[in-house]
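The stops below are given in the order in which to select them.

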Amino acid sequence: MLDYSKAFDKISISILLQKLKKLGIGGNIGKWLGNFLLERKQRVSVNKHLSKPSDIISGVPQGTILAPLLFLVYISDIGDNIKTSTLTSYADDSKTSKIIISLADGQELQCDLNRLFTWTEENLMTFNVDKFEVLRIGKNEDLIQDIKYTTPDGTTLPEETTIKDLGVIFNNKGDFSDHISVKSTKARSIAGLIFRTFITRQPAPLMMLFKSLVIPILEYGSIIWSPYLKKERNQLESVQRSFTSKLEGLKDKNYHQRLKELKIYSLERRRERYDILYAFKILQRSVPNIGLQFKWSNRRGRTIVPPPVKKNCSEHGKTVRNNAYRSRISRLFNSLPEEIRNTPAGTSLSRIKSQLDSYLATLRDEPQLPGYNTAAASNSVFHQRRTEDSPIRKIHRR
């Protein structure tokens, strides 16, 4: 994980203008950008007294819409000299990664890291080495002991067991148990704050607060970290379960009954619903495709091809891969009714949501919690549909 020192302030204006010109941005737009960046001054105000103006010789005007875009233009060539590793960036957050199976691989990653330092020197930027973090995912102790990553001056970069990347916590085990623990604790704290702040226990206003302040904490980035262990699903579900148990008129009902009474989804069902909708977004090309392969056949219609099983993978690795989004969504999507899977690509997302919600309303939403008996193997749409389609359930409905 890389970090730029005062990223937006250290941009060389002259180098930025050269890069804009290389991109073919000239004419009036190029002149306007030059006027926007050059000959700027700043002053300091203290108790209505102004300092003398001083020239701004670097950086882009922060707080403007153009600043992040211009920064991206400035660092757009940072990975041009990277040879064997992968460099990814989002605004001023960058990271470089590589699969390491030998000492040579580690040396190649170190060489690419050195090239990144060279880029910063050539572009008058500086890395904040104190905020660099190294995360190793894997159990090859020999490689962990023998390979260390350093700065050009020989300083060894610190290794961490967890890191936060764009709000999602990753750990060196390759799972998201730390993220789930942190977020469920924070969500529970905010839920408690709501009850301490408001006297009312009426469901309508409190559920509005819960959806606005607590749900985003529990669901941000869930496509990446959605839990597959029962204990982690229960850990998250317990936040909503506890909150709804305190609402007026619902204290004597169990959680499954409260979900129906409030006409809300369990958190597990919400995550799966969003997984499905994200697949449709990929199908509509409104978001980047992260490796999904759609297939059409006259017999089944549209389906998602399950990703191939990787050979020579540890049991833990197989479990993680089997529950990652690409594998998870293939099971979910392919279990949907054909009329939903075959929805034309041009259909509006609101229409798809309506169709999906109508279908989900026909399925039981019964999280497997301690003390609750459920008919299905899990609360997943995949298992609930199989239960609904079973001969015994059909006879029972009749």
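**Before selecting anything**

This is a predicted model, in which local features need pLDDT of at least 70 and side-chain atom pairs count only at pLDDT 80 or more, while totals for chains, interfaces and linings use all residues. Residues are numbered from 1 along each chain as its sequence is written, and side-chain values use heavy atoms, with hydrogens and water left out.

**The whole chain**

Show the protein chain as a cartoon. It has 17 helices and eleven strands; these are DSSP runs numbered from the N terminus, helices being H or I with at least four residues and strands E with at least two. Along the principal axes, the C-alpha atoms fill a box of roughly 80 × 60 × 45 Å.

The accessible surface comes to about 23400 Å², and carbon and sulfur atoms hold 53% of it (Shrake-Rupley method, 1.4 Å probe). Of the 398 residues, 40% count as buried; buried means under 20% relative accessible area, exposed over 50%, and partly exposed in between, with a 1.4 Å probe and protein chains only. Among contacts with a separation of 6 or more, 62% join residues 24 or more positions apart, contact meaning heavy atoms within 4.5 Å.

**Helices α1 and α3**

Select residues 13-22 for α1 and residues 66-75 for α3. Their axes come within 9 Å and cross at roughly 80°. Axes here are lines fitted to C-alpha atoms, for helices over the stretch in contact, and angles run from 0 to 180 degrees between N-to-C directions. The two helices are therefore roughly perpendicular to each other; the classes are roughly parallel under 35 degrees, roughly antiparallel over 145, roughly perpendicular from 65 to 115, and oblique for the rest.

Nonpolar covers Ala, Val, Leu, Ile, Met, Phe, Trp, Tyr, Cys and Pro, charged covers Asp, Glu, Lys and Arg, and the others, Gly among them, are polar.

**Helices α6 and α7**

Move to residues 177-197 (α6) and residues 203-219 (α7). How do these two helices pack? The angle between them is about 160°, and their axes are 9 Å apart. That makes α6 roughly antiparallel to α7. The crossing of α6 and α7 is right-handed, which applies if the near helix is turned clockwise from the far one by less than a right angle, and left-handed if anticlockwise.

On the α6 side, display K183, S184, K186, A187, I190, A191, I194 and F195; on the α7 side, L206, L209, F210, L213, V214, I217 and L218. The contact of α6 with α7 divides into twelve nonpolar, one polar and two charged residues.

Stay on K186 in α6. K186 is partly exposed, with a relative accessible area of 46%.

**Helices α11 and α13**

Select α11 (267-283) and α13 (residues 325-334). The axes of α11 and α13 come within 10 Å and cross at roughly 95°. That makes α11 roughly perpendicular to α13. E272, D275, I276, Y278, A279 and F280 of α11 meet Y325, R328, I329, L332 and F333 of α13. This contact has eight nonpolar, no polar and three charged residues.

Centre on F280 in α11. Is F280 buried or exposed? At 1% relative accessibility, F280 counts as buried. Leaving aside neighbours within four places in sequence, F280 is in contact with F333, I340, T343 and I352. F280 and I352 are 72 residues apart along the chain, with C-alpha atoms separated by 8.2 Å.

**N322**

Next, pick N322 in helix α12 (residues 315-322). At 42% relative accessibility, N322 counts as partly exposed. Beyond its neighbours within four places in sequence, N322 is in contact with S327, R328 and R331.

**Two backbone stops**

Most residues other than glycine have a negative phi. Select K6, in the loop between β1 (2-3) and α1: its phi is near 45°, a positive value. K6 counts as exposed at 60% relative accessibility.

Finish at R285, in the loop between α11 and β10 (294-297). R285 has a positive phi of about 65° although it is not a glycine. R285 is exposed, with a relative accessible area of 76%.
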